[in-house]
Amino acid sequence: MRIRRILAAVFATAALAGLGLTGAATATAASGSVSVTPASVTPGECTDNGGTIDRSTPVLPTCRGGMYDGQTVD
C-alpha cells in the first residue's frame, strides 16, 4: 500500500515536470522571432543599413546610425 502511494507521487511529479517543460517550450516558440544583433559588423553591413563608420572611438571603429547603431565594425 505504501509503495503505491510512493509510485503515485513519483508519477505525478514526473507528469507535472513534463508539463512544465512543455509549457516553457511553447512559451518560447510563441514569443515570435527574436532578432539577434551580432557582436560586430562589417563596414558594408554598417553602410548598407543606413549607418556611417565612426573611426574616432578609442579601441575599434563603431557603426553610428542605421540598424547596427553602436556595434563595433570589423
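Author: Helices, of at least four residues, and strands, of at least two, are DSSP runs numbered from the N terminus. The model discussed here is predicted.

Reader: How many helices and strands are in the chain?

Author: The chain contains two helices and four strands. Along the sequence, they follow the pattern α-β-α-β-β-β.

Reader: And what share of the residues is buried?

Author: Of the 74 residues in the chain, 12% are buried. The accessible surface of the chain comes to about 5,700 Å², and carbon and sulfur atoms account for 64% of that surface.

Reader: Which residues make up the largest nonpolar core?

Author: That core has five residues, namely Val 41, Cys 46, Cys 63, Tyr 68 and Val 73.

Reader: I see two cysteines there. How far apart are the sulfur atoms of Cys 46 and Cys 63?

Author: Their sulfur atoms are 2.0 Å apart, and the two residues form a disulfide. A pair of cysteine sulfur atoms counts as a disulfide within 2.5 Å. The count for this model comes to one disulfide.

Reader: Are they buried or exposed, Cys 46 and Cys 63?

Author: Both Cys 46 and Cys 63 are buried.

Reader: What else does Cys 63 touch?

Author: Leaving out residues up to four places away in sequence, Cys 63 touches several residues, including Gly 51, Thr 52, Asp 69, Gly 70 and Gln 71. Its contacts with Val 41, Cys 46, Tyr 68 and Val 73 belong to that list as well.

Reader: You mentioned Thr 52. Where is it found?

Author: Thr 52 is found in strand S2. Beyond residues up to four places away in sequence, Thr 52 touches Cys 46, Thr 62, Cys 63 and Arg 64. The C-alpha atoms of Thr 52 and Asp 69 are separated by 8.9 Å, and these residues lie 17 residues apart along the chain.

Reader: Changing topic: how many salt bridges does a search of the whole structure find?

Author: The search finds one salt bridge. It joins Arg 64 and Asp 54, with the closest N and O atoms 3.3 Å apart. Arg 64 is in strand S3 and Asp 54 in strand S2, so the pair, 10 residues apart, links distant parts of the chain.

Reader: Why does Arg 64 count as partly exposed?

Author: Arg 64 counts as partly exposed because its relative accessibility is 38%, and this class lies between the cut-offs of 20% and 50%.

Reader: What about Thr 57, where does it lie?

Author: Thr 57 lies in the loop between strand S2 (52-54) and strand S3 (62-64). Thr 57 counts as buried because its relative accessibility is 18%, and buried means under 20%.

Reader: Which residues is Thr 57 in contact with?

Author: Apart from neighbours within four places in sequence, Thr 57 is in contact with Thr 62 and Arg 64. The side chains of Thr 57 and Thr 62 are joined by a polar contact of 3.4 Å.

Reader: One last residue. Where is Gly 65 found, and what does it touch?

Author: Gly 65 is found in the loop between S3 and strand S4 (72-73). Not counting residues up to four places away in sequence, Gly 65 touches Gly 50 and Gly 51. Gly 65 and Gly 50 are 15 residues apart in sequence, and their C-alpha atoms are 6.5 Å apart in space. With a relative accessible area of 29%, Gly 65 is partly exposed.

Notes
Residues numbered from 1 in each chain as written. Predicted model: local features only at pLDDT ≥ 70, side-chain atom pairs only at ≥ 80, totals over all residues. Heavy atoms only, no water. Buried < 20%, exposed > 50% of the residue type's maximum accessible area, 1.4 Å probe, protein only. Polar contact = N/O pair within 3.5 Å; in protein donor to acceptor, adjacent residues only side chain to side chain. Contact = heavy atoms within 4.5 Å. Areas by Shrake-Rupley, 256 points an atom, 1.4 Å probe, with all protein chains shown as cover. Core = buried A, V, L, I, M, F, W, Y, C linked by side-chain atoms within 4.5 Å. Salt bridge = Lys/Arg side-chain N within 4 Å of Asp/Glu carboxyl O.
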